[in-house]
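Open the model in your viewer and keep the selection tool at hand. This tour goes stop by stop.

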Amino acid sequence: MTDPDDLSPERRAAIGFGRKADWIIAVTIMVIAVVFIWMLQPLPQRATFFPWFITISILIIGTVYGVGKLRNPARWDAEYDPEEEFGDTGPPFLVEFRAGILRALVVFVCLIAGTMAFGPKLAVPVFVTIALWLNKENRIVAVLSGIAFWLAIHFVFGKSMSINLPTGYFTDALGL
Amino acid sequence: MTECTISRRKMMAGAAAMTLAATLAVTGHAQAADYAGKTINFVSFGGPGSPPDVWYRSLMPFVTKHLPGTPEINVINKPGAGSMISANYTANAVEPDGLNIGTMNGLAVNKAAAGDSSAKFDLSEMQIVGAQKLTRLLVVKKDGIENIDDLLAMEDELILGMESDATPYYEAFVELAGVEARFITSYQRFPDTLQAFRTGEVDAMPMSAIEWLRFGPDLSQDGAVPMIQYGFTEAGEVVRSGALDIPTGHEAVLKVNADAPGTPAWDQMTLQSLTSNVSNQVWAPAGTPADFVDTLSAGFAAAASDPEFLALHEKQYGLPAEWTDGPAARDIVDRIIAVNAN
Amino acid sequence: MEELTVIFNAFASGMGIVFTPNVFGAMMIGIVAGMVVGLIPGLGGLVAHILLIPFALQMGDPLAAIAMLLGVYAVTVQTDSIPAVLLGVPGTAAALATSLDGYPMSKRGEAGRALSASYFGSIFGTLVATVIFILFLPLLRALVNSFSSPEFFMMVVLGLVMAASLSGRSQSRGLMMAGLGLILSTVGQAPGTGDPRFIGPFLYLWEGLPIIPILLGLFGVPEIIDLAARNRSIAESKPVEKIAGLWDGMMDCVRNWWLVFRCSVIGVVTGFIPGLGGNVAEWMCYASAVSGDKNPEHEYGKGNVRGIIAPETGTAAHLPGAIIPTVAFGVPGNPPMAVLLGIFVVLGVRPGRDMLTYKLDETFMMVNVVTVANIIAAVLCLVFQRYLVRLCFVRATLLVPFILAAMVMGASFSNLSLGDIGFFAAAGMAGYIFKHMDWPRVPMVMGLILGGIAEPYFFAAWDRYGLTWLYERPIVLILEMMILFMLFSKPIRRLLLDRYGREAKAND
């Protein structure tokens with residue numbers, strides 16, 4: 001286990017952030033459970049019994065977790081060892097990887113937004129081409145990869161397997 | 001009560017005649033829809049590999065063969081909620097263009113006809129293409145119970161396990177036959193109930209004739225016996241399925257309760273027996289053009305009575321395939337709706 | 001005797017299924033994909049599954065689809081030893097121990113011997129595990145025959161508690177994540193009553209939350225974001241040029257037959273216990289090799305071949321072991337099995353007694369696929385390892401777009417709806433946070449999958465036996481004790497340590 005004093009200030013800050021985020025996650029899980037129960041009110045008892053049982057369990061465990069963390073946060077969380085636990089990239093928003101992580105997240109969000117707007121049949125090949133292009137890979141490889149993806153989707157899935165992939169909201173609105 | 005035992009040869013001859021008639025209907029229909037180059041999406045309520053799914057899948061090549069234009073058929077599995085998921089999906093999530101059809105079982109039809117909130121469609125507006133005729137049985141495994149007379153004379157409590165939708169027929173049966181019974185209806189799917197039955201958690205469970213032919217040989221070794229069947233409704237009478245020589249629930253009740261006919265429980269049993277004629281149905285969503293529905297109905301009827309399919313069915317299941325065509329099935333569903341409305 | 005005949009017939013029939021063209025072809029696709037992806041450190045079998053899920057779901061033959069995914073599952077734990085030995089970079093967590101002795105051997109010029117020992121260790125491990133599986137099957141069948149709804153319900157609870165307790169550092173976090181999975185599993189129609197829960201106007205949710213997009217998001221997206229964030233090729237040192245000594249490696253396994261047997265047993269047992277992954281089997285076997293070795297000349301961590309044989313045998317043997325609880329009880333033996341269970345359910349394989357009775361041949365097919373795939377992979381590795389290792393040097397900038405695109409495709413095949421993409425994205429973001437905040441994802445997935453199984457069992461037990469099942473049934477009582485032990489052994493031990501530790505300090 002790494003001695004906390006040996007960690008860089010950035011890593012210590014990231015661990016501190018992680019400890020705060022633990023609270024957010026724990027409370028979010030408890031809130032989800034309570035909201036679910038609230039939504040079930042009109043249903044008969046038999047349909048709500050199991051969700052009630054789970055929600056109460058979550059609230060009890062959450063309370064135990066919260067009390068334990070308040071009393072002795074270091075031991076309760078079994079001490080972070082960022083080198084061992086998180087691999088190369090450490091906890092999120094660690095300074096040295098922040099730019100890379102944010103860039104990867106933006107790429108991911110773009111892919112999802114594109115798929116929602118135009119459907120996977122169009123968005124996925126375009127994404128592959130643009131991503132390889134922006135990553136400074138060979139441009140011919142980028143274009144050919146996009147075309148290969150489109151051909152696979154259109155002929156292998158669409159024609160030979162009769163799989164109709166969903167169309168996007170934007171293409172639907174335009175009636176394409 | 002009329003006892004009906006149809007010989008296999010007669011059935012085959014009848015089937016051949018039906019094939020001819022259905023084929024003529026398909027080819028001769030004034031406005032037969034053409035499926036050339038098209039793909040039909042077929043929503044199956046059975047999970048992949050389950051008995052109803054296997055049955056539908058084995059029928060599909062023959063449907064392709066008998067539809068004009070020999071379309072491809074893409075089977076999509078939407079199992080769960082006693083086939084209501086498949087029914088809701090067919091009614092609401094697909095285009096009524098004649099290229100999308102789905103399935104539902106008799107239990108779901110009863111629920112939908114009774115206005116159950118889980119049915120998100122109006123049954124009277126949906127368009128039925130046809131239905132598999134399949135009787136259901138009650139199988140019992142309990143010490144000292146070897147035949148229907150033992151069951152009717154039994155003084156102990158009989159514990160029946162089943163999905164919640166399946167209870168009306170059996171509740172009516174035990175009420176009329178005077179059998180003391182308790183229902184465990186928490187089982188979600190057939191395999192769960194089967195497991196409870198095998199381990200002795202429940203004494204009795206329902207299953208279709210096909211399921212009995214598949215699992216029966218093994219269950220019989222442990223002492224399981226099929227006791228009663230729903231039977232089919234023919235000319236207003238409940239009769240035994242030609243494939244299984246097991247008394248109908250109506251016959252069994254009459255052994256111990258001559259006053260049963262005319263009671264609400266008796267009528268409930270009769271209504272449930274009617275659903276055996278349309279056990280596993282094929283539907284097109286409301287708004288599907290009539291020419292497509294007619295073409296599909298004729299195509300399915302022709303496929304279900306194709307001699308090659310019948311031979312395959314006989315080999316696979318050990319009993320003949322039986323099919324109710326679209327107009328006859330519509331008539332039965334309308335009667336179920338009317339009974340529920342009353 | 002009759003039962004043994006049934007088992008051997010099922011074994012033969014299962015082997016027959018493996019060699020049908022459909023199943024064998026699908027398994028070979030899985031093997032090749034698993035070999036390629038298993039070589040890429042940081043990706044492993046899960047990403048290979050992700051790439052193949054779209055094909056698996058559309059194959060039409062569930063057994064072929066399962067064979068393909070199990071082929072991947074079987075070979076990735078074997079091929080990951082190539083970068084571990086040649087580059088000192090373990091492909092998966094389960095290859096960490098292999099790299100401890102493998103890389104020093106490689107530097108000493110014994111890479112071929114080390115790799116050969118690892119392959120044959122894997123082969124012997126799966127073979128011994130299969131034999132153990134056959135021998136103990138009658139016992140297992142008898143056990144499952146005595147399981148009714150109460151026992152199955154408690155088994156599911158035990159599986160969840162074990163996963164929650166063992167898969168992360170904090171037990172309470174694991175339990176909360178299991179609870180989150182369970183509450184999410186209640187979306188859809190209530191079993192028994194059919195009432196819609198949390199569905200709102202969305203027909204899409206009638207069947208419950210889509211498992212596959214959520215699995216892909218929770219486990220796949222965090223790996224890819226991390227790979228993209230590092231933005232470099234996975235291995236940076238030069239590959240070893242000469243690979244020789246393959247015969248020596250095989251003979252090492254033969255000479256250390258007792259170690260192979262011991263580690264196979266450890267592997268099967270750890271595979272059977274829900275929540276313990278291959279890395280647990282690996283380290284237990286490594287520890288067993290070290291502690292059981294009285295020879296002072298055997299220095300572990302500096303290139304001892306026994307330090308390769310033990311973990312590789314253990315990880316390979318735990319694969320067939322993990323199939324048993326997955327198919328018999330619906331309780332996955334390890335995290336990859338949790339993912340596979342989700343896919344099995346979608347493909348129509350319903351865990352339960354059938355898998356050890358009517359469908360025993362299908363269960364044997366799964367076990368045999370793992371064994372056969374391991375042997376084929378070993379042969380292919382021996383032939384192609386020099387070329388395969390070059391995959392470790394593919395740039396992240398080239399890999400990431402392809403894998404992300406494949407994952408989106410995989411997610412959208414689930415229900416062919418944009419809702420799938422939405423859940424995939426949400427699960428991906430949540431998975432990233434969970435991974436880096438050390439909130440274990442396996443209990444959540446197990447809760448999501450097992451919730452739908454647990455609820456009907458619970459009501460069946462309640463309706464049939466009232467509350468008496470909680471205290472009148474011996475197996476239930478044993479399971480309850482195990483659950484209580486899993487829940488409270490850690491806190492009690494900590495309490496005792498605190499108390500007596502303080503007293504000891506005061507006495508000093």
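How many residues of chain C are in contact with chain A? Select 48 residues of chain C and 60 residues of chain A; contact means C-beta atoms, placed from the backbone, within 7 Å. This is a predicted model, where local features need pLDDT of at least 70, side-chain atom pairs count only at pLDDT 80 or more, and totals for chains, interfaces and linings use all residues. Residues are numbered from 1 along each chain as its sequence is written, while chains are lettered from A and ligands numbered from 1 in the order in which they are written.

Stay on the chain C side. Pick α17 (396–412) of chain C. The largest share of the side touching chain A, nine residues, comes from α17(C). Helices here are DSSP runs (H or I, at least four residues), numbered from the N terminus. Now colour this side by residue type: 27 are nonpolar, 13 polar and eight charged. Ala, Val, Leu, Ile, Met, Phe, Trp, Tyr, Cys and Pro count as nonpolar, Asp, Glu, Lys and Arg as charged, and the others, Gly among them, as polar.

Next, move to chain B. Select domain 1 (2–132 + 279–341), then domain 2 (136–274); the bounds come from an automatic or database domain assignment. Their contact takes 19 residues from domain 1 of chain B and 16 residues from domain 2 of chain B. On the domain 1 side, α2 (51–66), α4 (106–113) and α13 (326–341) of chain B each supply at least two residues. α13(B) gives the most, with four residues. That side has twelve nonpolar, four polar and three charged residues.

Key: Two residues are in contact if their C-beta atoms, placed from the backbone, lie within 7 Å.
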